[in-house]
Amino acid sequence: MYKLLILILFFSHHSMANMKIAPLRVITAEANTTQKFLVSNTGKKPIRVRISPSFIASPMAKYQTRHSSISQKMEDLTPFLRVSPPVISKLMPNERKIIRLRIADLPSNYEKGEYRTHLKFTQEVIKKVNSTENNSESISFDLTMLVNSSVPIYYQKKGRNSPPKPIIQCSKNKLKIINNSRYQQKIELLNDSVYKQLILLRQSNLDIAYNGKTTIKINDEQQKICL
């Protein structure tokens, strides 16, 4: 049975200068499946869009520290992704097109755990210019108006054993969460004035300040009140 969890994080699409992309994030535990992305041109000019997998080494570095035991090779999903089509040559205003992303199965020697990469969307505005030689109209790309956006892609190679639970430490309005597992954790911080939702990657620590009595939730399973 096809199992797919898409975390939208309270948004249904991602907005760029002249483009919208949906969904914002993909998490799946099923290999050899195809995910679909809807790309829309919300601007007034035709655009060209290039799509390619791209690994980002340290996303969310402001509050997250990776363990020394993790490396790019241990979690990079990029070689196992296929994009079709890799280029939308011309997307007219108010036009929408579907991009398909296929995730291949990982080799048997890859450890159980979560693998990740990003799907990068690069936009180029198409401009029409007149040729001075024969006064005919031709097409060029305005490379000075590039806009990039990346959608995180996660594939979870599940094991039989339950991963270790994160360790929550809090004192004097400073919170630390230690994630020793090979899977990401969804972190929620809630108090009288603030609600935050964060993603803590595999084998990473979270260090963040909080203000007053705050409830910490992890994956809707683990909870602690920090004073």
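Modeller: A disulfide, here a pair of cysteine sulfur atoms within 2.5 Å, joins Cys170 to Cys226, with an S to S distance of 2.2 Å. The model is predicted, so local features need pLDDT of at least 70 and side-chain atom pairs count only at pLDDT 80 or more, whereas totals for chains, interfaces and linings use all residues. Residues are numbered from 1 along each chain as its sequence is written, and side-chain values use heavy atoms, with hydrogens and water left out.

A search of the whole structure finds one disulfide. The torsion about the S-S bond of Cys170 and Cys226 is about -90°, so the disulfide is left-handed. The pair links distant parts of the chain, 56 residues apart: Cys170 belongs to strand S13 (residues 167-171) and Cys226 to strand S19 (residues 222-226). Helices (H or I, at least four residues) and strands (E, at least two) are DSSP runs numbered from the N terminus; the chain has one helix and 19 strands.

Buried means under 20% relative accessible area, exposed over 50%, and partly exposed in between, with a 1.4 Å probe and protein chains only. Cys170 is partly exposed, with a relative accessible area of 23%, whereas Cys226 is buried, at 0%.

The largest nonpolar core has 26 residues, of which Phe37, Ile51, Leu77, Leu119, Phe121 and Ile153 touch the most other members.

Asn219 is found in the loop between strand S18 (214-218) and S19. Phi of Asn219 is near 55°, a positive value in a residue other than glycine, and Asn219 counts as partly exposed at 27% relative accessibility. Gln203 lies in the loop between strand S16 (195-200) and strand S17 (204-209). Phi of Gln203 is near 45°, also positive in a residue other than glycine, but Gln203 counts as buried at 8% relative accessibility.

Methods. Core = buried A, V, L, I, M, F, W, Y, C linked by side-chain atoms within 4.5 Å.
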